[in-house]
Amino acid sequence: MTDQPARLPARDFEEIRLAEALERGRCPLCDARQEAAWGSLRGLAREGATDRGLRDQMDKGLGFCQPHSVSLSKMELLQTSSQLATAVLLDAVLRRRLASLKKLSGGDPSAWGRGLADLADPRCPVCVRVAESLSLAIARLIRLSADPGWAAALGSGEMCLDDLYALWSAAGAGPAEVRDRWRAIMAAQLSRLEKLQKSLAEYAHNSTVDRRHLITPEQREAGAASIRLFGGTPDRDRDR
């Protein structure tokens, strides 16, 4: 993990949350993704089964992706010790999908691929909310990088590789002053990743039976950091 930066200036709740993620050594976009998914799932677990608008959308094809189908059931179980709302919502999805599959099975086999491809898109409302939250978080971080403190934190902070790509891409589409800021930020990130790669290689080199006693805490941490780099920041415990 990187050293925690000084407290960052923040003007509202969203900026406070992004600052907190960087200050605690978490990827801020992973944090935004998790917060958005958690908030959406909480609402669905509490009120989704009785929300007529949502049920109408499900009758028209709205569903849930695999990860969020599981997460919905876990969220409801956490909140109510039941999975009734999840069952009601998934029943609505299944009835719609079953009707579509029956219709497809009696049709022209040449159209199966197209019909199944359409069904493969779950149109998950949780994914939609997460995508919207990420877009807003990226825009905020690009804007906040004009502050020297935020720029330094974004350059030294631990972020997963996919989210670094997303931020760099957004910065590249911005005006010249944004691109110039992010050249410096990405230079700092590349330096951090080069140090991580070196420690990771040393960790791998010392992993044989006759060399394991040479593994340092820094090398062991590099192994864990590399998993976070490619897999994202692990979920926090949720007790709210």
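The protein chain holds eleven helices and zero strands. The model is predicted. From the N terminus on, the order of elements is α-α-α-α-α-α-α-α-α-α-α. The radius of gyration is 22 Å, well over the 18 Å that the globule rule gives for 240 residues, so the chain is more spread out than a compact globule. Along the principal axes, the C-alpha atoms fill a box of roughly 60 × 50 × 45 Å.

Contacts within the chain were examined next. Among those between residues at least 6 apart in sequence, 70% join residues at least 24 apart. Of the 240 residues, 40% are buried.

The largest nonpolar core contains 51 residues. Leu29, Met58, Phe64, Val126, Trp150, Leu167 and Trp182 touch the most other members of this core. Helix α2, which spans residues 28-47, supplies the largest share of the core, with nine residues.

Residues up to four places away in sequence were not counted for Val126.

The accessible surface of the chain comes to about 14,000 Å². Carbon and sulfur atoms account for 57% of this surface. The chain carries 35 positive and 32 negative charges.

Conventions. Residues numbered from 1 in each chain as written. Predicted model: local features only at pLDDT ≥ 70, side-chain atom pairs only at ≥ 80, totals over all residues. Heavy atoms only, no water. Helix = DSSP H or I, 4+ residues; strand = E, 2+ residues; numbered from the N terminus. Rg over C-alpha atoms; globule rule 2.2 N^0.38 Å. Buried < 20%, exposed > 50% of the residue type's maximum accessible area, 1.4 Å probe, protein only. Contact = heavy atoms within 4.5 Å. Areas by Shrake-Rupley, 256 points an atom, 1.4 Å probe, with all protein chains shown as cover. Lys, Arg positive; Asp, Glu negative; His and termini not counted. Charge placed at Lys NZ, Arg CZ, Asp CG, Glu CD. Core = buried A, V, L, I, M, F, W, Y, C linked by side-chain atoms within 4.5 Å.
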